[in-house]
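Work through the exercises below with the sequence and the coordinates at hand. Each task is followed by a solution in steps.

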Amino acid sequence: MKKVLSMLLLVTMLISSFTFTAFAAEEIVYTTSDPQCKMEGSTWKESTSSKVSGPTGGTSWYAKGDDVVTFDASELEKGNYGVYWYMTPYGTTADKDAITITASGKDTTIIVDGMHGGQGKKHWIFLGKYDFDGSADDKVVQKIHEGNGYMRVSGVKFVKDDTNTAPIDGVNKDAEASADPETPAKIEFATVPEKGNVIIGTEHPSFTTEGTWKQSSVVMPAPGKAYYCSAGSVGNTATWYPHIAKAENVEVFYLKPNATDTEDPAVQVELFAEGEVHTFTIDFTQPPTDWYSLGRYDFAGDGSEYIKVTKVGVPGTTRVTCLKFAIEDEEGGLNVDKSSAFWETDLHILERMGMLIGEGDGITEEYIKKVPTRVQAAIMILRLNGLDAEAAAFTGTDNFADASLEAWAMPYLAYLKAHPELGLIGTGDNKFEPTAEIDAQAYAKILLTALGYEYNKDFTWDETLAFAKEKGIADAPKGAFTVKDLAVMTESILELKCKDGSSYFTNLILKRDGVKDEGVYGTELPAELLAAREAAKNKKRGIIYNNDGNDVYKSYDNYPGAFDISGLDGTTINKDNFLAKRSYGLEDTQVGSVFYCTGVFNSYTHESSGITDTRVRDWSRVLKQYTGKDSLETMVDYVHSINKDIFWSMRMNDTHDYAYEEDELDPWKQANLDLLMYRKIDGPMMPYGNTRWSSVDYTLMPVRQVVYDILKDTITRYDIDGLELDFTRWPIYFKEVTLGYDVYPENLERMNNLVRMIRDLTEKISIERNKPILLAIYVPDSIGFCHDVGLDIKTWLDEGLVDIVSLGCHSGNFQSWEDAIGEYKDNYDVQVFAAMDPLAYVTKTDMDDYEIDKQESILAYEAGADGVYTYNYYTVTHERFDTLGSLETCGPKDPNYVSQRYTYGGGKGIYPGKLNKDGTKYATLNK
């Protein structure tokens with residue numbers, strides 16, 4: 001069968017193979033091989049991949065655009081049927097298909113996430129129950145509602161007198177009938193019924209874990225199995241995204257089994273609902289063994305809510321069990337007013353950082369009104385010094401005589417006794433008095449010590465409060481000292497400088513990530529190299545030519561399998577043939593710099609010691625075999641020979657592999673699935689992030705470490721003139737942003753520290769080679785949007801960490817060039833380049849890409865750009881490389897020209913609103 005068929009040929013062939021499959025007496029299945037299936041349109045193709053094969057007796061087909069598939073249901077006997085659609089999610093599948101069920105003259109349209117379908121694998125989904133009257137109009141129709149991918153169709157199933165009362169797999173609920181078939185009814189997720197109780201366990205398709213969890217022998221009163229982790233597994237998490245239906249006043253319960261002394265006294269549970277995280281701490285050592293209420297909530301029905309269990313640093317076994325959701329008519333409410341400004345600042349920040357946990361029911365109003373004890377202050381000083389995890393795992397047996405008064409804190413107290421330099425040495429007679437109350441003066445002393453000030457040297461006891469206020473610590477209350485006051489004072493030091501002038505917050509993040517703060521960065525260039533760096537930064541470049549490195553490939557077919565270049569030798573694969581693809585011809589152009597990219601995240605064609613993906617046989621390796629130099633070495637030699645400079649470009653989170661299955665990822669990612677933003681099955685759990693589940697999560701220190709190691713390996717072994725950090729592929733860096741939260745301040749600082757370390761690396765190599773090594777960044781053109789996804793560009797520029805900034809491209813056009821470039825030129829001494837990219841154009845006019853390039857370049861130069869940056873242009877002999885490098889050579893300005901760069905996608909690229917919950921607020925271009 002041909003892959004593309006006209007409607008006539010397709011129908012003829014389907015009729016000639018007439019059959020339909022009945023799975024059971026009450027089940028009727030129509031596949032694409034049955035005459036009931038009719039495909040209209042010209043783009044239909046039959047899939048050849050087993051990954052998207054259809055149900056028994058049929059194959060999977062796919063199409064795009066306005067093509068439609070219809071399953072004729074007129075032959076069904078009159079009656080009530082459950083209707084099911086066969087899901088075949090794949091990397092290129094559309095995430096919004098409209099399926100319209102016509103039964104008894106009534107149309108019901110449901111939007112289905114064809115990319116994920118609740119499981120990320122082939123399965124039937126339930127679309128609801130419908131009364132079919134046997135009329136000629138009864139049918140099921142599918143078409144693309146919106147989005148970029150392909151519509152896939154495999155089969156439809158009708159189950160007569162179906163007993164199913166809720167959609168399976170948490171995909172979607174019965175939709176209300178839509179008066180206008182073009183206006184689909186709103187989806188509602190469906191784990192929770194309209195009334196009554198539902199229990200979900202670890203068998204639920206959304207359940208995922210991070211870290212090592214073992215199956216428990218605990219018998220569960222619900223489907224699934226219990227899992228546990230030991231006291232030393234700090235940071236392990238287990239998470240459900242239960243796909244709760246849109247509903248009000250839903251009470252959520254977590255099961256408490258096994259009330260024994262060996263259980264965890266502080267199981268930390270987070271519940272995200274109503275737009276915020278609610279945190280609870282459950283004592284599993286205390287009876288009763290029963291359901292623990294997490295409160296009542298209104299659920300949005302958009303799949304964003306989640307429940308996460310995290311192992312914190314306390315003794316005992318943490319167990320994940322199951323959840324219960326109860327929808328009742330009773331009134332109820334939470335015991336904490338989390339809408340207050342106080343909660344959104346001090347408490348919320350400290351809770352999120354794990355510095356304030358609470359007790360019993362977590363951080364409640366009752367808890368924050370309590371007077372803190374000495375042991376609470378002791379643990380806070382450990383957290384303030386980034387030592388809490390180390391102390392929780394401490395196994396020393398020498399302890400204070402009264403440590404058992406707070407048995408759960410004994411490891412912390414033993415750690416403090418072993419480290420008297422931390423300043424909490426007890427009250428005498430080998431006692432600590434852990435349950436005794438602490439006052440504001442004593443806590444101010446702890447905070448000053450955390451900032452590096454020495455007691456009885458920098459301040460005395462009587463001077464404590466006044467000295468703390470002088471250094472910026474929040475005023476201590478005059479009345480009773482409460483946990484709330486402790487939180488206010490603690491939060492106030494996050495913005496302060498330490499005694500040595502360093503940032504307390506930066507030091508804390510480094511310590512909590514296990515990075516020593518001595519010598520991490522701070523290299524200073526001698527005066528002559530500083531001057532050379534300024535000259536190199538400010539040189540006239542005209543055009544930066546980005547070559548994404550695909551000049552090493554003979555073919556793009558069959559990845560992730562090997563490219564077939566067998567039989568080719570040094571006669572075919574040589575320097576001249578390699579450079580002829582995308583480089584020869586740059587000699588006399590306006591290109592001043594070449595930014596060369598040799599691959600995607602940790603999978604490169606240059607001989608990187610970090611490369612692990614050896615499955616790809618490409619030009620570069622054979623080139624190395626016959627010439628002794630790989631692609632990057634060859635490119636460096638060529639670019640230097642024509643008196644231009646060359647940067648190695650690293651795509652900081654390239655996710656071209658998001659379309660693959662997990663076992664098709666490169667070996668490094670396969671071995672480090674816990675470092676990815678999500679697992680493949682979790683794709684639909686990304687409210688923001690454009691389904692790029694294979695992104696790495698920069699929250700995690702191992703990710704930032706491998707990024708640094710890759711850059712260090714490259715810069716130390718190749719004679720490059722600079723590094724480019726390409727943050728446009730893709731601007732997805734921290735998990736909380738993909739869940740719809742504001743980026744956490746500690747994660748902004750983590751990324752800041754990484755950029756500082758990279759800048760320090762370029763400075764060190766500059767000194768070694770006695771030549772400047774520059775640092776460039778490629779980012780979306782809105783500083784505000786960049787901040788919201790975790791890129792604190794203002795700090796990078798304020799600290800002089802960056803030399804060259806390139807703006808825009810098809811994943812980041814937000815503003816006019818005047819506004820975008822002005823953000824930089826009005827405030828910072830940095831070169832700014834405007835990206836020209838054919839994939840970034842709306843093409844509303846008859847102008848070709850080159851004519852658009854010229855007009856866009858004119859607008860950019862008039863806004864103050866230092867040059868243009870070409871992306872996805874590789875014919876270097878084209879006239880654009882002779883004209884776009886200056887305002888004078890771009891040609892005449894068209895006074896009627898309207899910018900053709902798009903913001904909202906226009907069927908291409910990534911939508912700002914899909915990357916960040918507030919992404920569109922920065923978009924003013926062509927709005």
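**Exercise 1.** In this predicted model, determine how the axes of helix α12 and helix α14 are oriented to each other, and which residues make the contact.

Solution. 
- Step 1. Helix α12 covers residues 575-582 and helix α14 covers residues 631-641; their axes come within 11 Å and cross at roughly 75°.
- Step 2. Angles from 65 to 115 degrees count as roughly perpendicular, so α12 is roughly perpendicular to α14.
- Step 3. On the α12 side the contact is made by Lys575, Phe578 and Leu579, and on the α14 side by Ser631, Thr634, Met635 and Tyr638.
- Step 4. Sorted by class, the residues of this contact are 4 nonpolar, 2 polar and 1 charged.

**Exercise 2.** Which residues of helix α6 are buried, and which helices are included in what covers them?

Solution. 
- Step 1. Buried means under 20% relative accessible area.
- Step 2. Within α6 (residues 410-418), Pro411, Tyr412, Leu413, Ala414, Tyr415 and Leu416 are buried.
- Step 3. The cover over the buried residues of α6 includes α4 (374-384) and α5 (388-392).

**Exercise 3.** Describe the protein chain as a whole: its helices and strands, its burial and the sequence range of its contacts.

Solution. 
- Step 1. The chain holds 24 helices and 35 strands.
- Step 2. It has 927 residues, of which 58% count as buried.
- Step 3. Taking contacts between residues at least 6 apart in sequence, 77% join residues at least 24 apart.

**Exercise 4.** Where does pLDDT stay under 50, and how should such places be read?

Solution. 
- Step 1. For the protein chain, the mean pLDDT is 78, and 77% of the residues reach 70 or more.
- Step 2. Over residues 1-25 pLDDT stays under 50; the model has 45 contacts beyond four places in sequence for this stretch.
- Step 3. Residues 904-909 also stay under 50, with 16 contacts beyond four places in sequence.

Technical notes. Residues numbered from 1 in each chain as written. Predicted model: local features only at pLDDT ≥ 70, side-chain atom pairs only at ≥ 80, totals over all residues. Heavy atoms only, no water. pLDDT = per-residue confidence, 0-100. Contact = heavy atoms within 4.5 Å. Buried < 20%, exposed > 50% of the residue type's maximum accessible area, 1.4 Å probe, protein only. Helix = DSSP H or I, 4+ residues; strand = E, 2+ residues; numbered from the N terminus. Axes fitted to C-alpha atoms, helices over the stretch in contact; angles between N-to-C directions. Parallel < 35°, antiparallel > 145°, perpendicular 65-115°, else oblique. Nonpolar A, V, L, I, M, F, W, Y, C, P; charged D, E, K, R; others polar.
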